[in-house]
Amino acid sequence: MDSEKRERTILITNLSSKVSEKLLADFCQCSGTVKEVVMGTLYGSLRAALVEFADAGQAKAATMFDNTSLAGEKMRVEVLSSVPENDSRIPKPPPKPAPAPVISEAQAQAQA
């Protein structure tokens, strides 16, 4: 992830399993335009998320949610650029699905 994107992305940890991507995006909208939310499980039922905003100022404003309760858990919020790149709290995006196999016209006719 490039440094500019890290500046406009926040890391939220200690998320309840009750929090969905939509709920989190809606919650963060008061700080600015949410471009993307990526969630992952850390351990047990607690999860973490990366929330990308339109610009770095909006991400910085979202740190006001640090220690705010959402769905019964106090979230920890920090700008991603202040977190080491290899930090185990950073959720990984889900794997992309494998591309569909390419079938030639001759193979398609043979299958028919």
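Guide: Start with charge: Lys and Arg count as positive, Asp and Glu as negative, while His and the chain ends are not counted. A charge is placed at NZ of Lys, CZ of Arg, CG of Asp or CD of Glu. The chain has 13 positive and 14 negative side chains, and the centres of the two sets lie 5 Å apart. This is a predicted model: local features need pLDDT of at least 70, side-chain atom pairs count only at pLDDT 80 or more, and totals for chains, interfaces and linings use all residues. Residues are numbered from 1 along each chain as its sequence is written, and side-chain values use heavy atoms, leaving out hydrogens and water.

A salt bridge puts a side-chain nitrogen of Lys or Arg within 4 Å of a carboxyl oxygen of Asp or Glu. The whole structure holds nine. Now focus on Glu52. It bridges to Lys5, at 3.6 Å from N to O. Glu52 lies in strand β3 (residues 46–53) and Lys5 in helix α1 (residues 3–7), so the pair ties together parts 47 residues apart in sequence. Helices (H or I, at least four residues) and strands (E, at least two) are DSSP runs, numbered from the N terminus.

Glu52 also bridges to Arg8, with the closest N and O atoms 2.9 Å apart. That pair is 44 residues apart. Buried means under 20% relative accessible area, exposed over 50%, partly exposed in between (1.4 Å probe, protein chains only). Glu52 is buried, at 7%. Arg8 is buried too, at 14%. Lys5 is partly exposed, at 24%. Glu52, Lys5 and Arg8 belong to a network of salt bridges that also links Glu4, Lys35 and Glu36.
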